[in-house]
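This report looks at a sheet and at a chain-to-chain contact. Please view the sequence and structure first.

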Amino acid sequence: MKKTLLIALSLGVSVAATSTMATTIDPEKDRLQMVDFFKAKNPNITPEEYVNGAYIYSADKMAQWEAAEEFPPYLDSIDAGEAHYNKDKAVFDKCFGTDVSKIRVQYPYFDESAKQVVTLEGAINKCRTDAGLKAYGLKKGALAQVSAYLAYNARGQKIDVKIESDAAKAAYAAGRDFFIKPRGQLNLSCAKCHVDNSGRKARANTLSPLLGHTTHFPVFRAKWQALGTLHRRYEGCQKNMRAEPYKAQSETYRNLEFYQAYSSQGLEINGPGYRE
Amino acid sequence: MKRRSFLKGTLATGATAVAVNAGLLTPSTVLAEWNSKAFSAKTTDDALSGIYGSSSATASGDIKLKAPAIAENGAVTPVTVDATAVNGVESITILASKNPMPLVCEYTFAAAALGFVSTRIKMGQTMNVVAVVKADGKLLKAEQEVKVTIGGCGG
Amino acid sequence: MSIKIRMRGKSKDGVAEVKALIKHPMESGVRMNKKTGKPYPAKFIESVEVAVNGVKAVDAQWSGAVSANPYVAVKVKANSGDSVSISLADNTGEKGSSELKLK
């Protein structure tokens, strides 16, 4: 039985990602429904503005973000990322080519031969270990800095995730399933906060929208006073929601990233981003 | 307690100017002592007395104080004091009314500087950010409440 | 090791807004180390000076309540080609300075 994202959301039912289901999933139709949902929720906000996350919902917050962006604290991270990258440039050039502005936009993608989602951060580490170098830690530090350097060089480019095969669709469906399924002690799903209640407050925080969610990663969080990767954020949010987190770069999180990236298809990359 | 005296229109001599440019002059040789009495004062009044010898400042609509209504993160609250509409600004002081030691920072301006400063400060709880401007020998002020919340969700 | 300062500034109609981002922990000396039960020792920038073509324009005194990795912007009367310099010192004697030629 075919279920669209919104129907699934309203019924609170998860969509199992079996291979038969995969063929009935239409990621583009899903995405357009979601864009329409957000348009209906806030008619005055254009889809392009969603790359600024929760800031679009409050002029007060937006002003604070703009104040931070006057001279953002992630500049050092970009420089550090560049230094790391150049240190092993011979290795990275072989994996990614010599043009650093062309790398970020290619991820995440579905690797048809390995039958799995490949993320930028995963690819950076695989490139290193394949060449005998030590892998970077997955949540912060060098990996986040290199990712920031590559994101910065790709700013303005539009997200362009390809989903062509049934296997890719299944990965998308698995990510979507994770996003809408309630879990943990609070029985919350990602969708409950970031779709249904996007723009509203949970305690003191304004909930950010699914649309444009991942365009600004890696993120410099004021709370961390440091840079962190997308999977670091996934883990932290799950812990806060009293749910057992998965590991950074696990298949679960990679599929989730794949779903989220596709959900921001056509929006501009604006990483690294400053957030609360 | 040594009060810094900084005369508007003071010109560095040629030798001083060269030394500053060459990085040879360090702030400790040029500036007077850090005003520890004012910085350790526990009330805004005492802090202001420590800097200006007086704590009575008149509210002025000519001072544009920009601070968030709700600080996203109290440790990095952006504050801008724009007193360019006031004549003869000599100094701007920023205080955080309920910080254990309210005095945050103080700026003295020579002729080449405008009465303007923008920075980020630490505010530990909901309180007023207070901007005091000394201009033409008088003390003016503007203040605004900034709500500071404890973070909610998110790793 | 000197304190690292990034500067930006552009002159328009004879006025330049000079922005600086400084790398510094700005430890107030009040924040408690939960593991040791003692406060982290105070290490914060105390004095900041901005000069235009070598002439002092702004003189500032800071406390540990200025945010970590501080940002500060001031406005000075200056034209393209003028040189703006910032020099600062923290309570432990560590110093930093930087200079910018205005666009």
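## Sheet in chain A

Chain A holds an open sheet of 3 strands, with the order 6-5-7 and mixed pairing. Strand 6 (226-228) and strand 7 (273-275) of chain A stand at the edges. Each has a single partner strand, so one side of each is left without a neighbour in the sheet. On average, neighbouring strands of this sheet are turned by 35° against each other, direction ignored. The model is predicted.

Strand 5 (residues 219-221) of chain A pairs with strand 7 of chain A in the parallel sense, over 3 bridges. Phe220(A) has Tyr274(A), in strand 7 of chain A, as its bridge partner.

## Contact between chains B and C

In this contact, 40 residues of chain B meet 34 residues of chain C. Four elements of chain B each supply at least two residues of the side that touches chain C: helix 1 (14-21), helix 2 (27-30), strand 6 (103-109) and strand 7 (113-121). The largest share of that side, 8 residues, comes from strand 7 of chain B. By residue class, the side of chain B that touches chain C divides into 28 nonpolar, 9 polar and 3 charged residues.

Strand pairing also crosses between the chains. Strand 6 of chain B and strand 4 (residues 55-62) of chain C run antiparallel, joined by 5 bridges. Thr108(B) stands opposite Asp59(C), which lies in strand 4 of chain C.

| Strand pair | Sense | Bridges |
|---|---|---|
| Strand 5 and strand 7 of chain A | parallel | 3 bridges |
| Strand 6 of chain B and strand 4 of chain C | antiparallel | 5 bridges |

Technical notes
Residues numbered from 1 in each chain as written. Chains lettered and ligands numbered in written order. Predicted model: local features only at pLDDT ≥ 70, side-chain atom pairs only at ≥ 80, totals over all residues. Pairing = 2+ DSSP bridges. Axes fitted to C-alpha atoms, helices over the stretch in contact; angles between N-to-C directions. Contact = placed C-beta atoms within 7 Å. Nonpolar A, V, L, I, M, F, W, Y, C, P; charged D, E, K, R; others polar.
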